[in-house]
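Reader: I would like to go through this model with you and ask, term by term, what stands behind each label.

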Amino acid sequence: MTQENAEATNHDEEGPKRALVVAAHPDDAEFGSSGTVTLWSRDGWEFYYLICTDGSKGTENPDLPPHKLTPLRRQEQRAAAKVLGVRDVFFLDNVDGELTYTREFLRDVVRHIRMLKPYAVFTHDTTQVIRDAFINHPDHRCAGTVAIDAVYPMARNRPSFPELLEEGLEPHKVKELYLWATGDSNFEVDITDVIDIKVMALKQHTSQFENFEESAGRFLERFKNDDGRYIERFRRIQLSF
């Protein structure tokens, strides 16, 4: 499949170039798209995060029960977003590990799309098994599916969620969708020049690493190509209607 390599996409609309990243857990966005977020922010894009769960199951440490871990992970996510230049972070606080496709969850994602009016949305690929190498977390699959359905057709469909119209949130058409951790990529971003920023953002998630330096070394190999460059890969869907 043809790969497009770009630091940022261009469009003809006036006003700020805006993107919404919809992630299941704190730290998912840093793994999936933080190099692109950094590069495109430098090019004038505004990025916002929508985190779908509370991150309360993200540890095996018995000294971090959910009531302690949840606020810690929220703090870590805000710190990582600050490193990347993300404008704001929104949290839906669904229970980690139990994310379910419901009308309420879909409405909440549609609400943020209509509120922020992004040109592009970034989220998880929904495939269960990725490249025969790992199983995609069920929360990732659910968040990705809901985000895709929110982009089309729900956010642009006036009769859907009339309560959002009552909030003053008019339909909005997202123009581009980017799926990370995909086995069917068609779009690449060379993040070599900002790989240190990606690493620094991940380092803010202290609750997720026993030995960050060791974990970072393994993690970086996943993004290195045969030429030694660091690449984030996406499946890009351009909505032309």
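Reader: Why does Phe219 count as buried?

Author: Phe219 has a relative accessibility of 6%, and buried means under 20% relative accessible area, exposed over 50% and partly exposed in between (1.4 Å probe, protein chains only), so Phe219 counts as buried. Please keep in mind that this is a predicted model, in which local features need pLDDT of at least 70 and side-chain atom pairs count only at pLDDT 80 or more, while totals for chains, interfaces and linings use all residues. Residues are numbered from 1 along each chain as its sequence is written, and side-chain values use heavy atoms, with hydrogens and water left out.

Reader: Why is Phe31 called partly exposed?

Author: The relative accessible area of Phe31 is 21%, which falls between the limits of 20% and 50%, so Phe31 is partly exposed.

Reader: What makes Phe31 and Phe219 an aromatic pair that is edge-to-face?

Author: Rings of Phe, Tyr and Trp (its six-membered ring) pair if their centres lie within 6.5 Å, and planes under 30 degrees apart count as stacked, over 60 as edge-to-face and the rest as tilted. A search of the whole structure finds 15 aromatic pairs. In the pair of Phe31 and Phe219, the centres are 5.3 Å apart and the planes stand at 80°, which is edge-to-face. This pair links distant parts of the chain, with Phe31 in helix α1 (residues 28-42) and Phe219 in helix α7 (residues 212-221), 188 residues apart; helices (H or I, at least four residues) and strands (E, at least two) are DSSP runs, numbered from the N terminus.

Reader: Why is the pair of Phe219 and Phe223 edge-to-face?

Author: The ring centres of Phe219 and Phe223 are 5.1 Å apart and their planes are at 65°, so this pair is edge-to-face. Phe223, like Phe219, is buried.

Reader: How do you know that Arg236 forms a salt bridge with Glu176?

Author: A salt bridge is a side-chain nitrogen of Lys or Arg within 4 Å of a carboxyl oxygen of Asp or Glu, and the closest N and O atoms of Arg236 and Glu176 are 2.8 Å apart. The pair links distant parts of the chain, Arg236 being in strand β10 and Glu176 in strand β8, 60 residues apart. Both Arg236 and Glu176 are buried.

Reader: What makes Asp88 and Arg78 a salt bridge?

Author: Their closest N and O atoms are 3.7 Å apart, which is within the limit of 4 Å. Asp88 lies in strand β4 and Arg78 in helix α2, so the pair ties together parts that are ten residues apart in sequence. Asp88, at 32% relative accessibility, counts as partly exposed, and Arg78 is partly exposed as well, with a relative accessible area of 38%.

Reader: Which buried residue has no salt bridge, and how far away is its nearest side chain of opposite charge?

Author: That residue is Glu76, whose nearest side chain of opposite charge, Arg73, is 4.4 Å away; Lys and Arg count as positive and Asp and Glu as negative, while His and the chain ends are not counted. Glu76 lies in helix α2 (residues 66-84). Leaving aside its neighbours within four places in sequence, Glu76 is in contact (heavy atoms within 4.5 Å) with Gln204, His205, Thr206 and Ser207.

Reader: How do you know that strands β8 and β10 pair?

Author: Two strands pair if DSSP finds at least two bridges between them, and strand β8 (residues 176-180) and strand β10 (residues 231-238) are joined by four bridges in the antiparallel sense. Glu176 has Gln238 in β10 as its bridge partner. Strand β5 (residues 120-124) and β8 also pair, in the parallel sense, over five bridges, with Val121 opposite Leu177 in β8.

Reader: What makes β8 mostly covered?

Author: Five of its five residues are buried: Glu176, Tyr178 and Trp180 on one side, and Leu177 and Leu179 on the other.

Reader: Why is α3 described as largely enclosed by the rest of the structure?

Author: Ten of the 14 residues of α3 are buried, so α3 is largely enclosed. What covers the buried residues includes β2 (17-23), β3 (45-53), β4 (88-94), α4 (138-151) and α5 (162-166).
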